[in-house]
Amino acid sequence: MKRVYSALMVLLVGLLTLGGTSCDTKELKSLTEMLKEEETAIANFITQEHITVKDYAPGQTTFDPEVYYKFSNGLYMQVLDRGGELPIADKTRVNVRFKGRLFNHEGDKGSFDNLSTPGYQDTEFIYIDKYSRGALHFILVKSAPGYSLNALMCEGLAFPMSLLGNGAKVRLIIPFSIGAEANYRTGHTMFCEEVHYEFTRQ
């Protein structure tokens with residue numbers, strides 16, 4: 001009888017422990033909730049920054065420098081300079097320098113800058129044009145040990161090279177769905193105030 005009583009007590013304590021743990025666990029947001037919050041955050045950002053948005057028309061080759069164009073993948077791009085020579089898929093190596101900040105529906109979540117801040121290793125990628133569970137336009141080139149923004153390299157940063165050329169300059173609003181892996185986990189949107197593209201090998 002004592003053994004049965006002891007076993008029941010152990011089981012009861014175990015259940016209470018599990019129950020307490022589940023109550024303390026923070027509920028994770030669903031992807032639907034994160035997307036809805038991001039949609040609101042981007043809409044608020046566009047209003048606050050007095051941004052004019054137009055939908056990109058497939059095949060379009062001219063861009064109004066005062067307008068952000070929204071693409072089917074969710075990217076917003078303002079073209080400051082179209083650049084020159086176009087990249088060659090699987091061959092052109094591109095150095096990308098950029099500065100801006102991360103934000104969500106709660107506000108700013110940090111900044112980044114390898115464009116005007118010295119001491120960063122180059123962030124380089126090989127331009128590609130493939131489809132693997134979605135369009136993919138880059139293969140990251142590993143840089144030498146040191147500070148870099150390689151962790152922020154993403155489809156949103158590489159996609160402009162499918163339309164623009166060497167020396168291009170743009171501004172971007174990159175939703176987490178085509179952003180860096182960490183941004184996808186946190187639901188952070190990336191605003192790039194300025195992005196410069198320079199070919200290092202063609």
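The face of helix α2 turned away from its buried side carries the exposed residues Thr32, Lys36, Glu39 and Thr47. Exposed means over 50% relative accessible area, buried under 20%, and partly exposed in between (1.4 Å probe, protein chains only).

This is a predicted model: local features need pLDDT of at least 70, side-chain atom pairs count only at pLDDT 80 or more, and totals for chains, interfaces and linings use all residues. Residues are numbered from 1 along each chain as its sequence is written, and side-chain values use heavy atoms, leaving out hydrogens and water.

Helices (H or I, at least four residues) and strands (E, at least two) are DSSP runs, numbered from the N terminus. Helix α2 has 18 residues. From first C-alpha to last, α2 reaches 25 Å, close to the expected 26 Å. That expectation is 1.5 Å times one less than the number of residues.

Met34, Glu38, Ala41, Ile42, Phe45 and Ile46 are buried in α2. They cover an arc of only 135° around the axis, so they sit on the same side of α2. The arc is that of the directions from the helix axis to the C-beta atoms. Among the elements that cover these buried residues are β1, β3 and β8. His50 follows α2, with a positive phi near 55°.

Phe45 also belongs to an aromatic pair, with Phe103. Rings of Phe, Tyr and Trp (its six-membered ring) pair if their centres lie within 6.5 Å; planes under 30 degrees apart count as stacked, over 60 as edge-to-face and the rest as tilted. The Phe45 and Phe103 pair is stacked.

| Feature of the pair | Value |
|---|---|
| Phe45 to Phe103, centre to centre | 4.9 Å |
| Phe45 and Phe103, between the planes | 15° |
| Phe45 and Phe103, apart in the chain | 58 residues |

Notes:
Contact means heavy atoms within 4.5 Å.
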